[in-house]
Amino acid sequence: MSRFMKARVAAVDQLSSSVRRLTLVPADEASPFTPFSPGSHVVLGIPGEGRVCRNAYSLISPPDDPSQYCIAVRRQPVSRGGSEAIHSRVKVGDELELSPPANLFLPHWQARHHLMLAGGIGITPFLSYLPELERRGASWELHLRSQDLDVARFPEAAPYLASGNITQHRLERPNLKALLARQPAGTHVYLCGPQAMIDAVKDAARELHWSLARIHHEVFAAPEPGTPFMAVARGSGVEVAVGAQESLLEALERSGVEVTSLCRGGVCGQCRVEMLEGEAEHRDAFLDEQERASQRCVMPCVSRARSQRLVLDL
Ligand code: FES
């Protein structure tokens, strides 16, 4: 992910005590934004102390309107810098790094019915689904479980609130098995939220003998902090100290070593790097058990080192 452009913050809106919505516009008229597909995300780079913190965020604005991109960000109790900066420092007029949109969570258009289940800020990818589902005349319903985030606070949800297709669950947990059981054959289910919610839906689907091929999920995982270590990109002749708050990928990028990336959350497999020496602490959801045990590759967007030094084939 090296094709970053500049975006200017055009508006900052507080949607709840812990969620902010940013409206971004092109900083350079010669580099306009492009339309994107529903479920797309962008990577936002926010300058911090001696480094740029880069995280992926779902686009929530209508996909066919490239005049602006909107994202919504929850303030994380433990932040490496990105969410905290958005909530405390980022202001209208700031210029931030922005990647082009990429998509790992496209709806399955052939579905007879689309059932979207969101936990809290997990509503974000679905807000860009709604205009296209409506345009296609598709059958859909959206459930949000959140105590403090009100779906009606999102301007993107406003055109659909009267449809009766959106249900907000506050204190009560939806009965997942009952919800799935009343779906028509050919329904596809989309999940975005905590892992426990995803596991619960899959368990309910198994009990009802659903094919898990009809269950799709996006896990919005950001890299977690960890113990500092040294990384060596042998082919590039670069040695870099990876700080406690930055990811291995961010440290490599800071040193000018290019690594392909897409999700920056350990799920897409794009950033896979071969390891020549050292022991990785695997934190991704992409490698299988055999690959992890072999200690021959690592996903630098989320994984770190168990040893003091990792030597990479870069
Ligand atoms: S960028 Fe997707 S797994 Fe690392």
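# Strands, rings and a leucine

Tutor: Strand β13 (residues 229-233) and strand β19 (residues 309-312) run parallel and are joined by 4 bridges. Keep in mind that this is a predicted model.

Student: What makes β13 and β19 count as paired?

Tutor: Pairing takes at least two bridges between the strands. β13 and β19 have 4 bridges, so they count as a pair.

Student: On to the rings. Why is the pair of Phe-105 and Phe-126 called tilted?

Tutor: The structure holds 8 aromatic pairs. For Phe-105 and Phe-126, the ring centres are 5.9 Å apart and the planes stand at 45 degrees. The centres have to lie within 6.5 Å, and planes under 30 degrees apart would be stacked, over 60 edge-to-face, so what remains is tilted.

Student: What does that pair tie together?

Tutor: Phe-105 is in the loop between β7 and β8, while Phe-126 is in helix α2 (residues 124-135), so the pair ties together parts 21 residues apart in sequence. Phe-105 also forms a tilted aromatic pair with Tyr-129, at 5.9 Å centre to centre and 45 degrees between the planes. Tyr-129 is in helix α2, 24 residues from Phe-105. Both Phe-105 and Tyr-129 are buried, and Phe-126 is buried as well. Ring pairs link Phe-105, Phe-126, Tyr-129 and Tyr-190 into a cluster.

Student: How do you know that the charged end of Arg-214 sits over the ring of Trp-210?

Tutor: Its distance from the ring centre is 4.1 Å, and the cut-off is 6 Å, with a further limit of 35 degrees from the ring normal. Arg-54 likewise has its charged end over a ring, that of Phe-4, 4.8 Å from the centre.

Student: Back to the loop between β7 (102-103) and β8 (113-119), where Leu-104 is found. Why is Leu-104 called partly exposed?

Tutor: Leu-104 has 38% relative accessibility. Buried means under 20% and exposed over 50%, so a value in between is partly exposed.

Student: Which residues does Leu-104 contact, leaving aside neighbours within four places in sequence?

Tutor: His-41, Leu-262, Cys-263 and Cys-268.

Technical notes: Residues numbered from 1 in each chain as written. Predicted model: local features only at pLDDT ≥ 70, side-chain atom pairs only at ≥ 80, totals over all residues. Heavy atoms only, no water. Helix = DSSP H or I, 4+ residues; strand = E, 2+ residues; numbered from the N terminus. Buried < 20%, exposed > 50% of the residue type's maximum accessible area, 1.4 Å probe, protein only. Contact = heavy atoms within 4.5 Å. Phe/Tyr/Trp six-rings, centres within 6.5 Å; stacked < 30°, edge-to-face > 60°.
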